[in-house]
Amino acid sequence: MEELQAALHARGLSLSSFPDKGRSLVAAKDFYPGEVIISQEPYVCVPNNSLTESRCDGCFSNSNLKKCSACHVVWYCGSSCQRLEWKLHRLECQALAKLDKERRKLVTPTIRMMVKLYLRRKLQNENVIPVTALDNYSLVEALVSHMSDIDEKQLVLYAQMGNLVNLILQFPDIDIKEIAENFSKFACNAHTICDSELRPLGTGLYPVVSIINHSCLPNAVLVFEGRWAVVRAVQHIPKDSEVSISYVETAASTVARQKTLKEQYLFTCTCARCNKVGQYDDIQESAILEGYRCRDNGCSGFLLRESDEKGFVCQKCGLTRSKEEIRKIVTDIKALSDKAIKSKSLGNLQEAAVLYKNIENLQKEVCHPFSISLMQTREKLIEILMQLEEWKEALTVCRSTIPVYERVYPGCHPLLGLQYYSCGKLEWLLGETDDAIKTFTKAVDILRITHGTNTPFMKELLMKLEEARAEASFKLSSIEDS
Ligand SMILES: [Zn+2]
Ligand SMILES: [Zn+2]
Ligand SMILES: [Zn+2]
Ligand SMILES: [Zn+2]
């Protein structure tokens, strides 16, 4: 661990331990918005391949893929990715090739990640793959597993998965219990690798990034550049303060966030936002995000359940909405949602769009204008309208989400930046150049901090902004000329 501490110190960081939350990453110097705090390649990673979707094992690209001809499990986009992975895949390939067809079907991405973990440890022990202070198995050993908090059913599942890993590896001295514990470590520590637009591509274990604790009010953000994990400051982080990122979607009520964190990461968050649970402004916030709207359309009040349980009272004007009325609309929404999901999965996009518009209208009647479920419905509707190339309608819906995004996310959140970007692209496409310039500029202001400026994704955004500006000044000069 001394080596790790020294390597972190060289990067302006230090490793600390707090009694209530274990290891933490602490800034040993000031970090400013947009500054890279740490970047790391995964110890192991796998693409989220399934029967319907495949990606390259090296770069997660989904084009020009060829299956490894020996094991028929792994895909590559070309020889450079295959070469990059060969030291490890050579061993994995031999092991997978020995499996019969039925067993090979059981090799899920998680099983593969575990197989790769043990193979990488072996290759580092044999000095085939170099060991560094930030890249070695002892960092994996130091990760939390929360084994004592796992229920019996999950333990049995991990043991079964461990047996399969054992069958694949056939190492003479392997410990099934240790594999099970490592599966639990994956569950608490592995990160979903996403593209620049935060669409999931795969899973990776980044043992140093995993030291960073969660906060529902984080001062840093994790994004991926290819398979590199990059953590950037989103606000000024003064020397000696803890670096934090969010493990979960922060646009949720305190109760919902706490539930997700407990279920997925097995801990109770004690951040400044969570500590407000039960206080009046936290109750108000939850009622806005998840509760109902006032019967008076002009009133922006939030509703709380009446003490006699008959209905919900607006905390601003005092009007009551009956439980029955709300229950009826909620039941209708549920029925429409089931239909919409089915239509979408069957590819009936026109029908799905109509259904989601009906859901949106019902939710507008019943949900607070800043409600999360209304925002999620609009997200689904935008996705379908884009597929249908209904750009004008997509822009209208996209614009209606912006005030909600601005409210639920802090000023510098990648999802807010990405929403501005989507909106800007639609404005640009529809020839609304002046609006596009404004919206692209807002996107750049956020994404240059969360995503840096050097990736192809950001270069494309910056170029779009330049093009929009050039077009606007051309339009202006042609008006002046005429
Ligand atoms: Zn590749
Ligand atoms: Zn192979
Ligand atoms: Zn929290
Ligand atoms: Zn009211």
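The model is predicted: local features need pLDDT of at least 70, side-chain atom pairs count only at pLDDT 80 or more, and totals for chains, interfaces and linings use all residues. Residues are numbered from 1 along each chain as its sequence is written.

UniProt lists residues 11-248 as "domain: SET" in an unreviewed entry; such annotations may be inferred rather than shown by experiment. Over residues 11-248 the chain is 32% helix and 21% strand. Helices (H or I, at least four residues) and strands (E, at least two) are DSSP runs, numbered from the N terminus.

An open sheet holds 3 strands in the order β13-β14-β15, with antiparallel pairing. Two strands pair if DSSP finds at least two bridges between them. The edge strands are β13 (303-305) and β15 (320-322). Strand β14 (residues 311-314) pairs with β15 over 3 bridges. There, V313 stands opposite T320 in β15. Helix α10 (residues 323-345) lies across β14 and β15, at about 60° to β15. Angles run from 0 to 180 degrees between N-to-C directions, and axes are lines fitted to C-alpha atoms, for helices over the stretch in contact. Residues are in contact if their C-beta atoms, placed from the backbone, lie within 7 Å.

Helices α11 (residues 349-366) and α12 (residues 372-387) have axes that come within 9 Å and cross at roughly 155°. The two helices are therefore roughly antiparallel (over 145 degrees). Their contact includes L349 and Y356 of α11 and L374 and L381 of α12.

Definitions and conventions: Chains lettered and ligands numbered in written order. Parallel < 35°, antiparallel > 145°, perpendicular 65-115°, else oblique. Contact = placed C-beta atoms within 7 Å.
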